[in-house]
Amino acid sequence: MSLQSLLAKLPFGPWRKAGPLVSVVRLSGVIGQGGPFRSGLSLAGVAPLLERAFAPKDQKAVALIINSPGGSPVQSALIAKRIRDLAEEKKVPVFAFCEDAAASGGYWLACAADEIWADESSILGSIGVVSSGFGLHELIERHGIERRLYTAGDKKVLLDPFSPEREDGVAHLKSLQADIHEAFKAMVRARRGARLTGPEDELFSGAFWAGRKALALGLIDGLGDLRSVMRGRFGEKVRLRLVHQERGILRRLGLRSGGGAPLPQAGAPEAFAEALVAAARASLDDWAARSRLGL
């Protein structure tokens, strides 16, 4: 046995033979803008993590830990596409591991992987589109409130919650939902292919299932957790490299210290307070204004 082989068996030092590497990215939360003090998953926030995850040379795979009930169909599609682009560019297989939920947009993200794994109690599927709102026109009439709404274009406001529901507005919304649903179904068909065993009218009904039923329907490839599956696939010495996301109250308020707009200096408490208030107000405005159409 050579000296190099002997040194490689040592549990320390530069000669130690490292095990195969798998980078891990956690995708957790609602997909989209999010809300006050709650960040959401978006391409802008996730892209740097994905770039770092796919960067190492000679790694065996990239693993996605997914825990999401869904959200924006656009952000779901953009994140999934970036994952596939990087996987094909780097020629690295991708594994998805679903935790509590990979439902709706969360399942869209899981479909970006080459294999999908879940716990037997994970909630999966919900391949559909939903839009919700309220009809408050009778309430404001009862309290003597007059609604004043001015538009240029007769379809500018079709589903105003303070006006009576319009049939053409509902028809237009259902048309939008149908288009988005078709895009979702096309993604699932393209990625799962012949592995889907359930009838399409059931798979694409918007229903959701626990892990064992999802496995029987072909929505996932197996039941298992990240560590066990990766060790079974790449050996006991596999190294799981977690790619961290920046956390904390400053990031959630949009005041990141590691990039983006600089924070006010320590000697300017008034400016710092104003920045916090402005960020909080912007988050509230975005939350109130974001679309209700989602996955």
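A residue is called buried when its relative accessible area is under 20%, exposed when that value is over 50%, and partly exposed in between, with a 1.4 Å probe and protein chains only. The model on your screen is predicted, so local features need pLDDT of at least 70 and side-chain atom pairs count only at pLDDT 80 or more, while totals for chains, interfaces and linings use all residues. Residues are numbered from 1 along each chain as its sequence is written, and side-chain values use heavy atoms, with hydrogens and water left out.

Start with the whole protein in view. It has 11 helices and 12 strands, taken as DSSP runs numbered from the N terminus (helices are H or I with at least four residues, strands E with at least two). Of its 295 residues, 37% count as buried. If you display contacts (heavy atoms within 4.5 Å), residues 24 or more positions apart account for 70% of those with a separation of 6 or more.

Next, select residues 43-54, which form helix H2. The expected span of a helix is 1.5 Å times one less than its number of residues, so the 12 residues of H2 should span 16 Å, and the 15 Å between its end C-alpha atoms agrees with this. Colour Leu43, Val46, Ala47, Leu49, Leu50, Ala53 and Phe54, which are buried in H2; the elements that the buried residues of this helix pack against include strand E1 (21-28), helix H3 (73-90) and strand E11 (239-243).

Turn now to the charged side chains. The structure holds 15 salt bridges, each defined as a side-chain nitrogen of Lys or Arg within 4 Å of a carboxyl oxygen of Asp or Glu. Arginine 191 sits in helix H6 (residues 167-192) and aspartate 114 in the loop between helix H4 (105-110) and strand E6 (115-118), so the pair links distant parts of the chain, 77 residues apart. Aspartate 114 is partly exposed, at a relative accessible area of 28%.

Move on to glutamate 115 and arginine 233, a salt bridge with its closest N and O atoms 3.0 Å apart. Glutamate 115 lies in strand E6 and arginine 233 in helix H9 (residues 226-234), so this pair ties together parts that are 118 residues apart in sequence. Arginine 233 is partly exposed, at 36%.

Finish at lysine 155 and aspartate 154, which form a salt bridge with their closest N and O atoms 3.9 Å apart; aspartate 154, at 58% relative accessibility, counts as exposed.
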